[in-house]
Amino acid sequence: MRLRILQTMNENTDPLRLEIAAAAARLLADGATDYASAKRKAAQRVLGERSAPKGSMPDNEEVDAALLEHLELFDAGHAERVLRRRRTAAELMQRLEEYQPYLTGAVWKGIVTEHAPIHLQLFHDNTKDVQIDLLNSGVDFDVGSMPHFRGGPDVEAITFWMADAPVLLSLYRHDDLRGALKGGRNSDAGPERGDRRALLGRLGEAA
């Protein structure tokens, strides 16, 4: 994964595009959570009142490359944070095994700012079962919503803390799993999510 990200960065030679990606990465490192808004704000900071030239906006993979570089340069705790949150994710995935959890987002990619949550996508037809399970385990959680990864109606989202890590559970129907396993828009960037076995494989590679 790290090699693919660095290749994405190295293959792009547009200085303006790289500058906007770097500015967006700094915003994400400082607490921004949405890539689209981070890129818009970054473009405003770099360009001022000028309009962004066509093709100057970086894609998410380019921002990831810049963010990884930023964290490796300026965040001495990054590698340990990735390892710790992946271990916490593996433990939580085992506890939620019946809901078919898949890890996605920052912890799956291994680009983890301090505020980045452990994002698990659950595929189960009764979302109330998940809430009841958490309540029975004594978990204090909040319920909201977030966009579906394939578009369409928003899905239920549950947030809470586990150990020292924020956790986000997004709840999908079982039929959504088929679409989730088809791969992302950019296959060169690797799979967008992985089950517990895949996560343990990444933990093994790190060790």
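Is His119 buried or exposed? In this predicted model, His119 has a relative accessible area of 11%, and because the cut-off for a buried residue is under 20%, His119 counts as buried. The residue belongs to strand β2, which spans residues 118–123. Not counting residues up to four places away in sequence, the surroundings of His119 consist of Tyr102, Leu103, Thr104, Met146, Leu168 and Ser170, each of which it touches. With Ser170 there is also a polar contact, side chain to side chain, at 2.8 Å. Ile158 is 39 residues from His119 along the chain, and the C-alpha atoms of these two residues are separated by 9.9 Å.

Six strands make up an open sheet of mixed pairing, and their order is β3-β4-β5-β2-β1-β6. The edges are taken by β3 (142–146) and β6 (193–194), and because each has a single partner strand, one side of each is left without a neighbour in the sheet. Strand β1 (residues 102–104) and β6 run antiparallel and are joined by two bridges; Leu103 has Gly194 as its bridge partner in β6. Helix α7 (residues 127–136) lies across β2, β3, β4 (155–162) and β5 (165–172), and runs at about 15° to β4.

The largest nonpolar core has 29 residues, of which Leu103, Leu120, Phe160 and Leu169 touch the most other members. Two or more residues each are given to this core by α5 (78–95), α6 (105–109), β2, α7, β4, β5 and α9 (196–206), and the largest share, five residues, comes from α5. Leaving aside neighbours within four places in sequence, the contacts of Leu169 include Leu92 and Leu96, Leu120 and Leu122, Val130 and Leu134, and also Ile158 and Phe160. Another core, of 18 residues, lies apart from the largest one, and among its members are Ala21, Val63, Leu67 and Ile111.

Leu199, Arg202 and Leu203 are buried in α9, and because they cover an arc of only 100° around the axis, they are on the same side of the helix. Arg197 and Glu205, by contrast, are exposed on the other side of α9. The cover over the buried residues of α9 includes α5, β1 and α6.

Terms used. Residues numbered from 1 in each chain as written. Predicted model: local features only at pLDDT ≥ 70, side-chain atom pairs only at ≥ 80, totals over all residues. Heavy atoms only, no water. Helix = DSSP H or I, 4+ residues; strand = E, 2+ residues; numbered from the N terminus. Buried < 20%, exposed > 50% of the residue type's maximum accessible area, 1.4 Å probe, protein only. Contact = heavy atoms within 4.5 Å. Polar contact = N/O pair within 3.5 Å; in protein donor to acceptor, adjacent residues only side chain to side chain. Pairing = 2+ DSSP bridges. Axes fitted to C-alpha atoms, helices over the stretch in contact; angles between N-to-C directions. Core = buried A, V, L, I, M, F, W, Y, C linked by side-chain atoms within 4.5 Å. Arc of directions from axis to C-beta.
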